[in-house]
Amino acid sequence: MLKNYIKIAWAVLLRRKFFTFISLFGISFTLMVLMVVTSLFDHVFGPQMPERETDRLLFVNNLREEQGEGYSSSGPPSYFFLDRYVRRMQTPEKVSVHSVFNPVNSYIHNKKLALDIKHTDQQFWEILDFHFLEGNPFGAQEVKNASRVAVINQTTRKNYFGTGPALGQTIEVDQVKYRVIGVVEDVPVLRIHSYADVWVPITLKSQEFKDTGLRGGFFATIKARQAADIPKIKEEYDRIIQEVSRLNPKETKQVHSFADAILESFARAFPGNGKQDKVTFLYTMMALAAFLFMLLPTINLVNINISRIMERSSEIGVRKAFGASSNTIIGQFVVENVFLTLLGGLLGFLLSAGVLALINDSGIIVYSQLGLNLRVFAWGLLLCLVFGLISGVYPAFKMSRLHAVEALRGGSK
Amino acid sequence: MIQLQDIEKVYRTKTIETVALHRVNLHVERGEFVSIMGPSGCGKSTLLNIMGLLDDPSSGQVIIDGQPVKTHSDKQLARLRNEKIGFVFQSYHLIHDLSVVDNVELPLLYRNVSASERRKRALAALEKVGLSARTKHFPSQLSGGQRQRVAIARALAGQPEIILADEPTGNLDSVMGDEIMDILLRLNQEEGTTIVMVTHDENMALKTNRLVRFFDGQQVADSRLVEAQI
């Protein structure tokens with residue numbers, strides 16, 4: 001029976017090419033957008049190299065100072081604040097203080113190369129899982145001595161040295177020469193806490209250490225001993241912030257800063273206005289957006305199915321005359337719809353793979369490695385199937401209630 | 001085999017009430033070939049649809065093999081149609097997207113019959129109507145007569161006890177019509193299949209062994225009753 005239904009489904013798809021195109025386009029395009037958005041989401045917030053252990057990592061990347069009379073300002077914290085308060089926290093396993101990435105210029109054979117540089121401590125390399133292709137990171141000694149050494153990414157290595165040796169060679173960035181001691185895999189630009197083209201010791205930026213303001217151009221990355229310690233670390237951080245507010249009553253009325261996971265930090269920055277943790281709200285909004293987005297092809301499918309099924313009323317009548325019950329008729333159209341949805345799903349999968357490859361190759365997102373998330377694909381397909389079922393069941397149910405004789409006449413009633 | 005008792009069929013709209021059948025009583029015996037005649041709109045097809053459980057009467061009851069079907073569920077009615085009745089329609093009602101043999105297999109799809117057995121029975125039915133060479137064709141590739149033969153094969157495939165044919169020769173020329181009539185007569189005479197046929201064609205009707213006439217929704221003549229009286 002299933003084979004017969006699929007035969008019919010296939011024949012109907014081929015017969016009504018325009019309808020088929022609209023249906024398949026709706027399903028596959030929806031799935032493709034869902035996949036690309038999720039892949040981007042995963043790329044920014046999911047456990048990806050070098051921020052693999054996201055359940056043990058917290059980031060401090062913003063500090064808001066309220067100065068009274070409704071005036072407030074915010075931005076990355078200063079080295080002074082992070083070094084004095086955050087680095088000395090007791091609950092974390094490790095704390096790294098590093099600069100935000102800054103644009104710099106370099107010249108190779110009189111050709112300008114725009115790079116991003118980041119100043120880090122040695123803990124940065126211990127906390128994050130960089131994939132070293134050559135050499136090693138700089139250690140405590142190099143940081144202490146403010147050695148002019150650099151870790152570069154593979155693209156910078158290629159631009160500078162081609163296929164020749166890189167380790168021990170010199171690169172010149174903003175007229176400062178650095179000796180290359182390590183080469184790592186490219187880190188996507190969306191990983192703002194770890195991304196750069198060139199990483200050098202933080203002590204080379206020591207002129208900024210003297211600024212005793214709370215805001216500057218630095219981030220902190222905190223690693224917990226275990227995921228269960230995260231709440232304790234946040235509590236300790238909150239206490240620090242209260243203490244900082246108390247210590248600076250003249251300059252600031254209130255200081256707001258949080259040690260957040262990546263997604264929390266995003267949710268706080270945008271829907272939370274820098275104050276509230278809006279992760280649940282963000283997830284709800286995203287789920288709602290995905291639902292509404294998927295509702296469009298569903299409504300489209302319902303419409304198409306109604307007209308498609310109406311024009312097949314004679315077939316429904318014949319099937320009823322020869323022994324199909326109403327439930328059997330519903331079953332047939334559901335099978336057909338599931339078949340169509342699966343076909344759309346397959347196309348959606350291929351489209352997603354193509355679009356993600358295009359984004360990766362285009363360089364729109366620097367060093368992006370967007371990949372297909374099979375878990376999301378499975379969920380997307382499941383949702384499509386559910387919507388496919390709904391969109392097939394309703395018109396089929398409507399038609400199945402027709403008397404066979406009315407269906408044979410063309411479903412005029 | 002099929003008994004219609006006091007069947008009434010009334011079509012109602014907000015403003016009009018149309019009586020399609022009025023107090024029809026008809027008993028079709030096993031092995032009979034009954035033709036139903038009457039002018040257009042006299043209720044012949046409605047009667048056949050009610051007899052075939054495709055439509056509900058407004059009142060009265062249909063009894064099949066001694067069992068009233070009034071309280072039957074949709075599923076039970078579907079099963080009765082599937083096992084006991086085969087339909088042949090004037091406009092064939094073949095499924096265009098299926099091949100000839102797939103069309104003929106249709107009644108068997110709704111039974112627990114294996115795919116190979118379905119195919120075997122469908123091919124046997126097609127052989128009976130002389131269409132063994134066209135099994136892979138699609139309905140659009142066949143002539144009207146051939147399509148009606150496929151429709152008869154489909155009705156036969158489920159080996160029903162009764163075939164209900166609604167003007168099976170109505171869309172065919174006389175040669176094709178005769179061919180179809182011959183097949184139906186052979187089925188009745190050689191295999192004992194009960195057939196009820198609605199027709200406009202007096203010549204066709206006269207070939208059957210019982211003729212029931214309708215006028216304005218009422219049964220006005222029944223040749224069996226006449227014979228009985230003689």
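In this predicted model, strands S9(A) and S10(A) form a hairpin with 2 residues between them. Look at the turn: A:Asp174 there has a positive phi of about 50°. Strand S9 covers residues 170-173 of chain A, and it pairs with S10(A) in the antiparallel sense over 4 bridges.

S10(A), residues 176-184, also pairs with strand S7 (residues 132-135) of chain A, again in the antiparallel sense, over 3 bridges. With strand S8 (residues 149-153) of chain A, S10(A) runs parallel, joined by 5 bridges. Here is a summary of these pairings, together with one from each of two sheets described below.

| Strand pair | Sense | Bridges |
|---|---|---|
| S9(A) and S10(A) | antiparallel | 4 bridges |
| S7(A) and S10(A) | antiparallel | 3 bridges |
| S8(A) and S10(A) | parallel | 5 bridges |
| S2(A) and S3(A) | antiparallel | 4 bridges |
| S7(B) and S8(B) | parallel | 5 bridges |

Which residue of S10(A) does A:Val149 stand opposite? That is A:Arg179, and A:Thr170 stands opposite A:Arg179 as well. Further along, A:Glu134 has A:Val183 of S10(A) as its bridge partner.

Chain A also has an open sheet of 3 strands in the order S3-S2-S13, with antiparallel pairing. Strand S3 (72-75) and strand S13 (254-257) of chain A are at the edges with a single partner strand each, so one side of each has no neighbour in the sheet. On average, neighbouring strands of this sheet are turned by 15° against each other, direction ignored. Between S2(A), residues 63-66, and S3(A), you can find A:Arg64 with its bridge partner A:Ser74.

Now move to chain B, where an open sheet of 6 strands has the order S6-S7-S8-S3-S9-S10, with mixed pairing.

Another helix to find is H4 of chain B, residues 115-128, with 14 residues. From its first C-alpha to its last, H4(B) reaches 20 Å, close to the 20 Å expected at 1.5 Å a residue. Which residues of H4(B) are buried? They are B:Arg118, B:Ala122, B:Ala125 and B:Leu126. These residues cover an arc of only 100° around the axis, so they lie on the same side of H4(B). Their cover includes helix H3 (100-109) and helix H5 (144-157) of chain B. Just after H4(B) comes B:Gly130, with a positive phi of about 70°.

Finally, see where the chains meet: 22 residues of chain A are in contact with 20 residues of chain B. On the chain A side, helices H1 (2-15), H10 (313-321), H11 (326-362) and H13 (404-409) each supply at least two residues. H1(A) gives the most, with 6 residues. By class, this side of chain A has 11 nonpolar, 7 polar and 4 charged residues.

Notes:
Residues are numbered from 1 along each chain as its sequence is written. Chains are lettered from A and ligands numbered from 1 in the order in which they are written. This is a predicted model: local features need pLDDT of at least 70, side-chain atom pairs count only at pLDDT 80 or more; totals for chains, interfaces and linings use all residues. The expected span of a helix is 1.5 Å times one less than its number of residues. A residue is buried if 20 or more other C-beta atoms lie within 10 Å of its own, exposed if 12 or fewer, and partly exposed in between; C-beta atoms are placed from the backbone. The arc is that of the directions from the helix axis to the C-beta atoms. Two residues are in contact if their C-beta atoms, placed from the backbone, lie within 7 Å. Two strands pair if DSSP finds at least two bridges between them. Ala, Val, Leu, Ile, Met, Phe, Trp, Tyr, Cys and Pro count as nonpolar, Asp, Glu, Lys and Arg as charged, and the others, Gly among them, as polar. Axes are lines fitted to C-alpha atoms, for helices over the stretch in contact, and angles run from 0 to 180 degrees between N-to-C directions.
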